[in-house]
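Here is a quick tour for anyone meeting this protein for the first time. Have a look at the picture, then read on.

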Amino acid sequence: MANGGPVEHGYPHLETVRAAITALYKRLSYDTVQTFSASVLPADVAFCDTDDLHLGTQRVARELVRHYHLPDARMIVGFREMTHAANVELAAGPEYFVELNDRFRTHRRDIGAALAHEIMHVYLHRLDLSFPGTRENEILTDTATTYLGAGWLLLDAYREDAASSQKLGYLTPEEFGYVLAKRALVFHEDPSVWFTSPQAYEAYTRGMALARRDEQQPPLTGAGWAGRRRYARDRRHAQDRADGSPHPEVPYSFTPDGHGPLRVSFPCPTCHQRIRVPVKGRVRARCGLCRTVLECDT
């Protein structure tokens, strides 16, 4: 939790974020991801200063438990002084103990954001889905929270001006915006109408621009002129030299297919699972993981 300190920006964890989206689809399946098509709504987690602190917190926790499809998970929430925003004790259940930073006693509008992250820890724990290393696992948790419909709360908790700042979670604001945009493109949502923080809206806008660029990389037909020209040059070199790795900064690579045609491998713009198709002009490919149909010009 950044509380008055500097807020990191940009996309330093992008590779891990993309791996987390792929891991979600692999572990949950396309059908299960689709059950999260509706996000948590602001009215469901609203918290007024006049609400009873503990009763209100339990109400928000129950709503998030319902959203994550954890019907037998009971959250016992308390408050104490700590460095981090919150902490959850992961045990066998069905009771889980969540501790929130004491500052949320007076910053109640962000209790839903803190709980969304901690209860996602419970969800992932039950799925037995984790990444090695604490930081990578926290990035997985933030990504899953956002992609499954509750992470807009974490982005909306980001506020920054010349005198103060606040940010929850391990992702940067732009990375939260990117994952939220990836979700919005899949489920045709517009989460921007829920933001109360103008800085969150700006981060979402920047994240959406990057998510759109994922759909504009060759060999996808949505690629721009410059990308298509570079792709054609790299394809020509691969055909001449049987060299499948043009440059590390491009997402695609070429591989020979025995005595058959050259093939190109590239990440699915939705789930980032790599797809491999023959190099033979116009091709329609279907991602086996997220079922996205892709129009390609190979």
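D214 counts as buried, at 11% relative accessibility (buried means under 20% relative accessible area, exposed over 50%, and partly exposed in between, with a 1.4 Å probe and protein chains only). Salt bridges with shared partners tie D214, R18 and K182 into one network; for a salt bridge, a side-chain nitrogen of Lys or Arg has to sit within 4 Å of a carboxyl oxygen of Asp or Glu. K182 is buried too, at 4% relative accessibility.

Before going further, note that this is a predicted model: local features need pLDDT of at least 70, side-chain atom pairs count only at pLDDT 80 or more, and totals for chains, interfaces and linings use all residues. Residues are numbered from 1 along each chain as its sequence is written, and side-chain values use heavy atoms, leaving out hydrogens and water.

Side chains of opposite charge can pair when their charged atoms come close. Searching the whole structure turns up 17 salt bridges, including these:

| Pair | Closest N to O distance |
|---|---|
| R105 and D102 | 2.8 Å |
| D110 and R159 | 2.5 Å |

The K182 and D214 pair links distant parts of the chain, 32 residues apart: K182 belongs to helix 7 (residues 173-187) and D214 to helix 8 (residues 198-214). Over at R105 and D102, both partners are partly exposed, R105 with a relative accessible area of 34% and D102 with 24%. D110 is buried, at 3% relative accessibility.

Now for the whole protein. What does its secondary structure come to? There are nine helices and eleven strands, counted as DSSP runs (H or I, at least four residues, for helices; E, at least two, for strands) and numbered from the N terminus. The radius of gyration is 21 Å, close to the 19 Å that the globule rule gives for 298 residues, so the protein is as compact as a globular protein of that length. That radius is taken over C-alpha atoms, and the rule is 2.2 Å times the number of residues to the power 0.38. Along the principal axes, the C-alpha atoms fill a box of roughly 70 × 45 × 35 Å. Of the 298 residues, 51% count as buried.
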